[in-house]
Amino acid sequence: MKITAIDPFLLRIPFEDGGTGVGMTPQRWNSLEMVLVRIQTDTGLVGWGEAFGYFCRRAVAAVITDLIAPFLIGRDASDPAALNDEMQRRFVLFGRYGITIFGLSGVDIALWDLKAKAEGVSLAGLLTGGHRLREQVSVYASLVRYGQSELVTRFAEQAVREGYETIKLHETTMPEIRAGRRAIGRSVGFTIDVNCGWTEAHAAQVLPELKSLDTLWLEEPIFPPEDWDAMRRLGAHGVAISAGENACTSVEFARLATAVTYPQPSVTKVGGVTEFLRVADIAKREGRTLMAHTPYFGPGYFATLQLAAAVELFGLFEYLWVEPQAWAAIEQPLPQGGILSIPDRPGIGFEPDLDVLERFKAP
């Protein structure tokens, strides 16, 4: 099964979230910027992957077309892990973090999609020898940043009415955080992600109150996110600390997993399925449950669902609580009452809606 073509598809799908789109990202965030990766083979099989592309889609696509594709075209696609290792070694001059690894992640997902399709099984079935660990996974609603207590209250209450038993806020100030906890009550799980927005001193100051609010975890509390000594110190305050969405490769997670309670690999950033599985092995060795980072809806979403069925210590599935104008997949599995069913189709289960790919094509 030889690779004959590798092509990125750039999409920009607007979404509604009830907020202003300001605060979490460098610019206003009101669309899903997606870099889908299609790998074609001489057998006729096609694999699909997804590389992280928010606000960087053109740069990631350039890595795929200019660096990765020339290296892989003509190669045998049957051993994704070996190809991943070879690419990491050959591309080391171009960075072990960020754009290079994002592109590699999307290609790796597509290679695993191909391998599972070639064997006629789902990715989870391939990874477990046909003994999937679960057929569904519990989901939490990951709300965007609203910056206003009344909006936090309204949308947190709505998410609970939809059946979510855990809610994550991306608020950075205590009035909005308190409003969120009041809105959902104490019977619903409650997490906070401040996207590296606090100092260690400020985090230490507010952690006693977060503990009194029964916060399940505090996510990426400080900058820089890889200050693992500071993470260990903050973890001593009685609230679990989580991090990892900005960490690339299992090498970094080997350091991270000893410093936080919940490692959070993102399959579109960490190095694809290959590196995610290595992170899972590290987490198991350290007795850590993974809380994967999944604010995307394309092949990365589907691949993470498959990993949820294959990884023993997989915790909650993150669902970005927004309403896109369209889905890139023909059949998009969506949460029902806070539960997601995991597809059992060959590969990762993603089949693109070609009309959507054309309609929302981004430059």
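Q: Which residues is Leu 210 in contact with, leaving aside its neighbours within four places in sequence?
A: In this predicted model, Leu 210 is in contact with Met 174, Ile 177, Trp 198, Thr 215, Leu 218 and Val 239. Contact requires heavy atoms within 4.5 Å.

Q: What makes a set of residues a nonpolar core, and which residues have the most contacts inside the largest one?
A: Its members must be buried residues of nonpolar kinds such as Leu and Val, joined through side-chain atoms within 4.5 Å. The largest set of this kind has 120 residues, and Val 107, Leu 143 and Leu 210 have the most contacts inside it. Helix H3 (residues 99-118) supplies the largest share of this core, 10 residues. A second, separate core has six residues, among them Trp 217, Ala 240, Met 291 and Leu 316.

Q: Why is Lys 269 said to have no salt bridge?
A: A salt bridge needs a side-chain nitrogen of Lys or Arg within 4 Å of a carboxyl oxygen of Asp or Glu. For Lys 269, the nearest side chain of opposite charge is that of Glu 245, 4.4 Å away.

Q: What does the side chain of Lys 269 reach, and with which side chain does it make a polar contact?
A: The side chain of Lys 269 reaches the backbone oxygen of Glu 245 at 3.5 Å. It also makes a polar contact with the side chain of Asn 246, at 3.1 Å. Lys 269 is placed in the loop between strand E9 (262-263) and helix H10 (272-286). Beyond four places in sequence, its contacts include Phe 52, Ile 101, Phe 102, Ser 105 and Cys 248.

Q: Which residues of H10 are buried, and what covers them?
A: The buried residues of H10 are Gly 272, Val 273, Thr 274, Glu 275, Phe 276, Val 279, Ala 280, Ile 282 and Ala 283. Their cover includes helix H2 (80-90), H3, helix H4 (123-128), helix H9 (249-256) and H11.

Q: Why is helix H11 (residues 299-308) called largely enclosed by the rest of the structure?
A: A residue is buried when its relative accessible area is under 20%. In H11, 10 of the 10 residues are buried, so the helix is largely enclosed. Tyr 301, Phe 302 and Gln 306 are among these buried residues.

Q: Why is Gln 332 called buried?
A: Its relative accessible area is 13%, and buried means under 20%, so the term applies. Gln 332 lies in the loop between strand E11 (323-324) and strand E12 (339-341). A polar atom of its side chain lies 3.2 Å from the backbone oxygen of Phe 297. Not counting residues up to four places away in sequence, Gln 332 touches Phe 297, Tyr 301, Phe 302 and Trp 327.

Q: What makes the pair Arg 132 and Asp 344 a salt bridge?
A: Their closest N and O atoms are 3.3 Å apart, and the cut-off is 4 Å, so the pair qualifies. Arg 132 is in the loop between H4 and strand E4 (136-142), and Asp 344 is in the loop between E12 and helix H12 (354-359), so the pair ties together parts that are 212 residues apart in sequence.

Q: Why is Arg 132 called buried and Asp 344 exposed?
A: Arg 132 has a relative accessible area of 14%, whereas that of Asp 344 is 53%.

Q: Why are Asp 7 and Arg 38 called partly exposed?
A: The relative accessibility is 26% for Asp 7 and 23% for Arg 38.

Terms used. Residues numbered from 1 in each chain as written. Predicted model: local features only at pLDDT ≥ 70, side-chain atom pairs only at ≥ 80, totals over all residues. Heavy atoms only, no water. Buried < 20%, exposed > 50% of the residue type's maximum accessible area, 1.4 Å probe, protein only. Helix = DSSP H or I, 4+ residues; strand = E, 2+ residues; numbered from the N terminus. Lys, Arg positive; Asp, Glu negative; His and termini not counted. Polar contact = N/O pair within 3.5 Å; in protein donor to acceptor, adjacent residues only side chain to side chain.
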